[in-house]
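Subject: Structure handover

Hello,

Here is the structure we discussed. My notes on what was found in it follow below the files.

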Amino acid sequence: MQPWILIALLAAAETVDAGAEVDAGAATPAVAPSAYEVVVTAARRRSSWRTAPAMVTVLGAEELARAPEVTVDELLHRLPSVAYSRTYAAECGPGREITLRGIPDQKRTLILVDGVPINDGVTGAVNWSMIPKEAIERIEVVRGPMSALYGSGAMGGVVNIITRQPRAANETTLKGAYGTLDTRAATLVQGGVLDGAGYLVGGQLTDTSGYVQARPRATYHVKNARRDLSLLGSAFVAPDDHSRLAVSLGWVNEDYSRGIRTDDQNNAVGRASARYERELSPDAGLVATVYAQRLTREVDLGARPSYEVHDHTETDDGTKIGQLLQADVQVGRNTISAGIDSSFSSLRRRSRYAQSDRRARAQGQQTIASLFAQDELRFAHEVHRLYLTPGVRVDLSRSSDGRSLDTGPGPNLPVDEEYPDRSWMAVNPKLALVYRYAESTTLRASAGRSFAAPTLFELYTVFTRGPLLLVGNPGLDPERAWSAELGWDQALLGRALLRGTAAYTRGWDFIGYRARGANQLELANITGVEILALDSELSIELGARWSLYGGYTFTRPTVVRNRGDAALVGNRLPFERPHRARAGVVFRWPEWVTVDLSGRYEGACFTDVENTRATRLRSYVTFDAAVSGELLEHLRWLVAVRNGLDVRYDIYSVPTERSVAPGLLVHGSLALVF
């Protein structure tokens, strides 16, 4: 059948019932990205992952429980398409970023908890210690540009961490863990539900002595000791069958050495949100959310080059307040989603110097207000189904109250500037097409535009590193990108699922540093990039006891324009490994033991955009294993080995210095569940 004939038949055919698609799990192949048929992130509402307008992968509760990884960012590294700048929890350097599709920097990948953004309003960073994995129901990872729905920061994709919903009157998990590098953890998660109301509370304390990462080791290098404490609480009430109100609170404190005797960093983040859902009719619903986040970041820095004495302390105080309002309406073959988002962020940054009367500070505010709309049109004819999803989002941004001050920046002239307010607008459309043939084959295509607003740090910061003065730029424009992708899902014999996606991204106005004078660097829109990406996943169920999984990702992020240095054109972006692969096998002996064995390959990359040989990180292969089980119904245990080949591969976590992985790590845990 010719494609144009097929499309004509589909357009004239009967409407596909949306509810039937979502509930089609019994009639679909046995293998899925997880046990979860319904996802909420790709379309910003409940829908089937099979018809989502973007590639979705779900890490479910079973996989999280048996995984050897400890923290959420490590868990995401199980997906080869996720780039990761920290290798283990014991590596306590300040860099803890995950990014998607070869698009670097955490500010360009949006992270949500139960649909609420948690990237901070200062730099776009994420405090990954905020949610213990025992409190997580699943993690949904959506690759590709999502600015048409989610706005700024969703260039590479969206990660949604969905917390547990209690299903019994009392559910308690009490867990203790110990491992290599004197790493200790204690976790308590307790919840319950009764008569349409429920709650979940918990916390986690993790402490590690760390290890000396830098090679070669200087006299001022120390172990990267770290202590993280997180607390969370949520409650919901459903007053009737058509409405639900949920509130959530969270707090985390991360305190760690930066690998240098006189350097230390402390991050504290508090968050709160409230969400109201209302079913207005069988075909219409409303969701309203308000949220707030408070960040305090304090960094102690020693005096170069000996780091014998304390030089100064940098303090960031950031606030972010936002609201999300969305309505969904089903009209015939259309499901229309529309809404309003807004956020307000503020920054107060100060530097206190121990050896002089020097003063430095920066401040600023940013407001973003957005309108978005998306329509999913469904057509069907016999075994053919077609889903056409156009969408667009308009974001209005205003930065204000900007000021930068530094009374004595080394060899540079003092800085004392107040900046005028500035506004700009971003329009980001997207069009996605999903074609399903029967229950076994899905083809997916999409094209869309995305953007990332300049952060408050990039707009207004002023700080020094040695003789260098680095200053922000209140005239920065948003970073922009166009992306297109083609995807294919193929179920095989009801026991295997093969998925693949090819994507192309062309970005411009990416923000970087350029010389403003001797010993001065200024942030500016200087870089254009081109990114080619290939994602693939394979999962196979071999009966009730055995399953195989694997994936491979190729990314080639290349500089195609640089206003600061034309010689950089053709170079690769830093920290982006072109080849990543992972393969594993799971053996289950029901109710007794589960074994998860996996290997991972990470290709070579550079740590700077100059791509110098001295900063090249070599490729490596490593091996992980986890054995877990249950004793006496309520006692769960796990023994895990990470980097089982004891590979001391290169990383880059200590600022400006080469460092290495710690080698083989072993940890075990016992959890009382009742």
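Buried residues (under 20% relative accessible area with a 1.4 Å probe, protein chains only; exposed is over 50% and partly exposed lies in between) make up 57% of the 674 residues in the protein. This is a predicted model, in which local features need pLDDT of at least 70 and side-chain atom pairs count only at pLDDT 80 or more, while totals for chains, interfaces and linings use all residues. Residues are numbered from 1 along each chain as its sequence is written, and side-chain values use heavy atoms, with hydrogens and water left out.

Overall form

The protein contains six helices and 38 strands; these are DSSP runs numbered from the N terminus, with helices being H or I of at least four residues and strands E of at least two. Its radius of gyration is 25 Å, close to the 26 Å from the globule rule for 674 residues, so the protein is as compact as a globular protein of that length. That radius is taken over C-alpha atoms, and the rule is 2.2 Å times the number of residues to the power 0.38. The C-alpha trace spans about 75 × 55 × 50 Å along the principal axes.

Contacts here mean heavy atoms within 4.5 Å. Of those between residues at least 6 apart in sequence, 64% join residues at least 24 apart.

The cores

A nonpolar core is a set of buried Ala, Val, Leu, Ile, Met, Phe, Trp, Tyr and Cys residues joined through side-chain atoms within 4.5 Å. The largest one has 42 residues, and L76, I98, I111, W128, I139, V159 and I161 touch the most other members. Elements that each supply at least two residues of this core include helix 4 (72–76), strand 8 (136–143), strand 9 (157–163) and helix 6 (456–460). Helix 6 gives the largest share, four residues.

Leaving aside residues up to four places away in sequence, V159 touches L76, I98, L100, L110, I111, L112, I139, E140 and V141. There is also a second, separate core of 19 residues, with L110, F372, A491 and L497 among them.

One glycine

G198 sits in strand 12 (residues 197–208). G198 is buried, at a relative accessible area of 8%. Its contacts, not counting residues up to four places away in sequence, are G192, V193, S234, A235 and F236. G408 is 210 residues from G198 along the chain, and their C-alpha atoms are separated by 56 Å.

Regards
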